[in-house]
Amino acid sequence: MSRIAVVTGASAGIGAALAVRLVKAGYEPLLLARRADKLKEVAARVEAAGGKAHVEALDVTAPGAAKKALEAAKKKGDVEVLVNNAGRGVYGAFVETSLEDQLGSMDLNMRALVEFTGVFLPEFVSRKRGYVLNVASTAAYQANPWQCVYSATKAFVVNFTEGLAIELEGTGASATALCPGPTRSEFFDVAGYEKKGMKIPRSVIMSAEAVADIGVRAMLRHKAVVIAGVQNKAGQLVTKLAPRAITTRVVGMIFRGSRKR
């Protein structure tokens, strides 16, 4: 029977790259996102890589979405992997951004992730086999002025996953948090960085494929947390060693200094 890996937010970027990478690990990905046309494009990439993909257009924040996804996945084969990749950020001063958008990002980045994990994980534990891969961010490791809600949601994801990893020891199931830094994807366009004058230096941007490879390898090794890339690991170490008030102010200066006045 086919081994199924469910990937949320699979229509582009890291989610799409994870779907392709999971094929190399022997899985058939079930691609979840709202845009059916984009999912079909990713499915074609999976097939070009020698695999088979399944497509399900779904808003993961909709009521009952997690149960619907699990039911669809079980019809395809044995469900062994859940990748919670769907997420979004809102760039700008909190008081200048849409409260609806900020609350929407919290709903997607945290509540939906917990719901999907809560629905899928009992299946993994009962069969003593399965992986949960939660895509967080290096933004989890410090407060980020101008994207303070986003960084807070990613801190939640890391803390939730680290605690869950301990709880799952000895069950056959595991949980891993993948923390990428700036990655080539649609994230910055959706968050509104360019429109507000924020440009990320190309030198610090990793490819989605490199991030996906790091994430899947860490997941299969049952690592609780992995930071993608040497440069990002170094940055996290500096953040850990430096006084928090200083790192927060420095990050704020970087982001504020790039904004259009």
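Author: Go ahead, and let me start with a cysteine: Cys148 is partly exposed, with a relative accessible area of 36%. Keep in mind that this is a predicted model.

Reader: Is Cys179 buried or exposed?

Author: The cut-off for buried is under 20% relative accessible area. Cys179 has a relative accessible area of 0%, so Cys179 is buried.

Reader: How many disulfides does the count come to?

Author: A disulfide is a covalent bond between the sulfur atoms of two cysteines. To be counted here, a pair of cysteine sulfur atoms has to lie within 2.5 Å. By that rule, the number of disulfides is zero.

Reader: Which helix gives the largest share of the lining of the largest cavity?

Author: The search of the whole structure turns up one cavity of 30 Å³ or more, and the largest cavity holds about 60 Å³ of space. Its lining includes Thr8, Val60, Asn84 and Phe116. Four lining residues, the largest share, come from helix H4 (residues 99-127).

Reader: Zooming out, what percentage of the protein's residues count as buried?

Author: The protein has nine helices and seven strands. Its accessible surface comes to about 12,400 Å², with 56% belonging to carbon and sulfur atoms. Of its 261 residues, the share that counts as buried is 51%.

How values were computed
Residues are numbered from 1 along each chain as its sequence is written. This is a predicted model: local features need pLDDT of at least 70, side-chain atom pairs count only at pLDDT 80 or more; totals for chains, interfaces and linings use all residues. Side-chain values use heavy atoms; hydrogens and water are left out. Helices (H or I, at least four residues) and strands (E, at least two) are DSSP runs, numbered from the N terminus. Buried means under 20% relative accessible area, exposed over 50%, partly exposed in between (1.4 Å probe, protein chains only). Accessible areas come from the Shrake-Rupley method with a 1.4 Å probe; for residues, only the protein chains shown count as cover. On a 1 Å grid over the protein atoms alone, a cavity is a set of points where a 1.4 Å probe fits but cannot get out, and a pocket is an open set with protein on both sides within 12 Å along at least five of seven lines; lining residues have an atom within 4 Å of a point. Grid points are joined across faces, edges and corners, and a volume is the space filled by probe spheres set on the points.
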